[in-house]
Structures are given as structure tokens and as C-alpha cells.
Amino acid sequence: MSGDQSANVELIKKHIGEYPDFPKKGILFKDIFTALRDGEVCKAIKNVLVSYVREACPDVQVIVGLEARGFLFSLLIAAELGVASVPIRKKGKLPGTCAQQEYVLEYGTDVFEIQKGSILDGQKVLIIDDLLATGGTMDAANKLVQQLGGIVERNVVIIELTELGGRKKLEASGSKVHSFIQYHDVE
């Protein structure tokens, strides 16, 4: 990473909000929305993301954003690169025929969907979200893209909570993962 990009990442990290005991007691929630309140940080995020994707995945054809914060970044990258932006949403939020993938939550399961035809067979895809914790949602997104015939080039997140093992889970299934900011404790 260049010196400019390192400075941008530090600027972003400095503005990440922390909320103790959210969404439940014992959790220190890392909030990207706090960083987005500052225009210079927004520019830094755009710069870091676009520079990384251009270097690491120059042939990417589709940027997939995960509900809901991933949407903010997928369109930003896709517009800058002139490629497609595709959402993955929770069940029942997308019109038309959708592929589905169930994933495990702390207390139960949920379902992600993607519109059929939104990714063509053989297209190179980058999946983005704001945060990687246990890897469940990103893993479900990888499986959805693969169901449609897409090739997942990379999973990219702004923030990674390393203690929760998401990277290990994703890499064990063959995914390449990149995060810009790593936190090694979640409490």
C-alpha cells in the first residue's frame, strides 16, 4: 500500500465510531456510518477502495454489495470503474426471480437473495461489505454469485474483526479476502 493510501486508511480508522454494548451487552460495535459524516473521510474511502480494486482485480466486471452498508461502496466502486453494481439483499426485498442462500446467525438463520440474470456465467465478481465478523453473510454471498455462474475474485471489507474468524472461514472455502482495518478484540 502506498504512503497516500496508508494515510487514508489511518484517517478512516480514526473516524470509525465505537458503541459499547451494541447490539448486545459485551459487544463493542464498530460503526462505519460515523466515519461517513466527514467529507474528507468519504473521499479517503473512495480513494482506498478504487485504488485497491484497480490494482488487485483489474479485470473485475461486477461489484456486488451486501445489504445494507455494502450498497454504499459497491455503487461507488462500480461507477468509478464503469462496471456493473449488483445488490444482494435479504429475502423478499428484490423483485423478479431470485436465487437464494440460507446462512446462520447467532440465534437462527436468514436468507440472502440475488436476482437471476444479474451476473452472467463466467463474469469476474468482487463482493464488498463494510465489516467482516464471522463470515456467514460473505460466505452466503460467495455461494449466491457462484450459483449464477460468477467467479468470485475477492471479498473486500473496510473493517475486519479478526477474533471472530471470518477470514479463516472464507479462506478455508477458497476465497481471497482483503480488509483495510483490522481490530483484534471485539469487547
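View 1. A pocket here is an open set of points on a 1 Å grid over the protein atoms alone, where a 1.4 Å probe fits, with protein on both sides within 12 Å along at least five of seven lines; its volume is the space filled by probe spheres set on the points, which are joined across faces, edges and corners. The lining, meaning residues with an atom within 4 Å of a point, comprises 30 residues, and Leu105, Leu131, Ala133, Thr134 and Thr137 lie nearest the centre of this pocket. Two or more lining residues come from each of β2, β5 (98–105), β6 (108–115), β7 (124–132) and α5 (136–147), with β7 giving the most, four residues. By class, the lining has 17 nonpolar, four polar and nine charged residues, where Ala, Val, Leu, Ile, Met, Phe, Trp, Tyr, Cys and Pro count as nonpolar, Asp, Glu, Lys and Arg as charged, and the others, Gly among them, as polar. This is a predicted model, in which local features need pLDDT of at least 70 and side-chain atom pairs count only at pLDDT 80 or more, whereas totals for chains, interfaces and linings use all residues. Residues are numbered from 1 along each chain as its sequence is written, and side-chain values use heavy atoms, with hydrogens and water left out.

**View 2. Helix α5 has twelve residues and reaches 17 Å from its first C-alpha to its last.** That span is close to the 16 Å expected at 1.5 Å a residue, the expectation being 1.5 Å times one less than the number of residues. Helices (H or I, at least four residues) and strands (E, at least two) are DSSP runs, numbered from the N terminus. Just after α5, Gly149 takes a positive phi of about 95°.

**View 3. An open sheet of seven strands runs in the order β5-β6-β4-β3-β7-β8-β9, with mixed pairing.** Strands pair if DSSP finds at least two bridges between them, and the edge strands β5 and β9 (177–183) each pair on one side only. β5 and β6 pair in the antiparallel sense over eight bridges, and Tyr103 stands opposite Asp110 in β6.

**View 4. Two cis peptide bonds join Phe22 to Pro23 and Glu67 to Ala68.** Omega is about 0° at the bond between Phe22 and Pro23, and Pro23 lies in the loop between β1 (17–20) and β2 (28–31). For Glu67 and Ala68, omega is about -5°, with Ala68 in the loop between β3 (62–66) and α4 (69–81).
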